[in-house]
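Have the viewer open as you read.

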Amino acid sequence: MAHWAILSGIEGNLAAYEAVLADIKRLRQTVTELFILGDVIGLQGNNEGVVARLRSPQPGELIPQVCTGWWEEQALSLYGLRGLPDAPELRASQGQGAVKHLWDDLSRETVQWLNSLSFGFFELDCLLIHGSTVSYDDALTPETPVMVMCDRIMRANANNLFCGRSGQTFEYHLRSGSIPSTVTTLDQATDQEGQSLQPWQVVGVGCVGRPGQPPTYTLYNPGSNQVTFKTVTPAGVRGFGRSPAQPRR
Amino acid sequence: MKLAVISCIHGNYEALNAVLSDIDDHQADQIYCLGDLVGYGPHPNAVVEMIRSLDIPTCQGCWDEDIVEGLNACECSYPSQLAEQRGRQAHEWTNQVIHPEVRDYLATLPLTLRQDNLCFVHGSPNSQHEYLLQDMDGFVALERVLATEADVLFCGHTHIPYVRQLNHGKLSVSIQQPGQSAQSQQFEAPLKSIINAGSVGEPRHGRPNATYVIYDTETAATTLREVPYDYQKTCADIIEKGLPPVFAWRLAQGLEFAERAEDPEHVCQR
């Protein structure tokens, strides 16, 4: 049965992305889709190299389906293409130096490509997104309160929600749920209703490029609904793989 | 303590006067208002002046916000394109006639009010634009109340009053992380309620009467009130002021077919 490879958080770490691609090639399972749930760029890595790699897969490789993440939204804000101008969120969380770095680091062509990315993907009964339908900054984790998690998946109108904002790998399964309620209106004394939930799951897909930790990603079998987390530990993952000559705006 | 909760007056001074008289008759100790003082109706300044003179704690509604900040929301300002066309006309008229001090007052209104275990909002805790409909998903409704850390959430915005009690919702989840054994968690929510105050000045429950609610904080007893008033006078004023005649028609019907939200839980991302 075909599998999907789902990853997030490359953050400009080209070596880590290459290691994940190599790992996918080595799998016994057939991978038919490659989803990247945002944060392909970051502060420390080879952003232009990663974007070029994503846009030009080698012969025989899957064409990655990429959506925006927190870092892409910051870049688009910085360039006045989305949200508030001048990336106040980036400035507040990473400082003015990060703003200047991102401004200097991205070519105009790359920014245009980032602006063309989707906010998320809906495939079968799965929503694949960086944060959630509430926000790209919505970090779902194993500690997220169950009602918040319930809200996020019901907003999505999906049975499976794959997200990458937290960088963690986890499966959060709803086994059962019920809520009786009554509604009283001007014309109807009291209407009682009961509601139960179908099982759903929220999956944190891991993080490819974050420094100091091995790349993690997720394999998903949409036929069996089975989730498998993969950790990649090759020798070449430690660096960021920045080549000497980088394209500039 | 007996509370009267009113919402969505929409510049309808006649309706507000009738509701305030009804509240007097029921000897409420405190009035709360859930916003949308202006918009659609012909007397926005008079309505705001009345609310201010009575010192009624008031949340900011979506129409109040638009008069302060301009129509800069995404398409969620209105639930349909037809409603948007009509709403824009009403917004522009209101924006022209509103007094500067009234606009300043609307800018000071909070999004949320609290009293003990009660929370008051216009639309939802998420947004002035979100509709908490009476038949919305029970778990989503419960999440909205839990987000306020209150037991009772008062809202308006839909213009149709209701009381919804959410009785001990239960959820069972398991959480699995690599290298760790699965953890099971059980969640059971205590009784929570959503009370929609309806609309004083632009009702949509099928009759032209103004609606609001009375809530007893000791017993949690809730009474949905429906108050007849001289709506024809408001209708005549709508025509006389040059507002779209359809506003008078729908006020007389207590219906608005264009106001059915296709995505009621949408949260504006502007």
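In chain B, 4 strands make up an open sheet with mixed pairing, ordered β2-β1-β10-β11. Strands here are DSSP runs of E with at least two residues, helices are runs of H or I with at least four, and both are numbered from the N terminus. Two strands count as paired if DSSP finds at least two bridges between them. The edges of the sheet belong to β2 (30-33) and β11 (222-227) of chain B; each has a single partner strand, so one side of each lacks a neighbour in the sheet. From one strand to the next, the twist averages 25°, with axes taken as lines fitted to C-alpha atoms and angles running from 0 to 180 degrees between N-to-C directions.

This is a predicted model, so to speak of local features takes pLDDT of at least 70 and side-chain atom pairs count only at pLDDT 80 or more, while totals for chains, interfaces and linings use all residues. Residues are numbered from 1 along each chain as its sequence is written, and chains are lettered from A and ligands numbered from 1 in the order in which they are written.

Back in the sheet, β1 (residues 2-6) and β10 (residues 210-216) of chain B run antiparallel and are joined by 4 bridges. B:Ala4 sits opposite B:Ile214 of β10(B).

| Residue | Phi | Loop |
|---|---|---|
| A:Asp39 | about 55° | between β2 (31-36) and α2 (47-55) of chain A |

A:Asp39 counts as buried because it has 29 C-beta neighbours inside 10 Å. B:His10 is buried too, with 30 other C-beta atoms within 10 Å. The cut-offs are 20 or more other C-beta atoms within 10 Å for buried, 12 or fewer for exposed and partly exposed in between, with C-beta atoms placed from the backbone.
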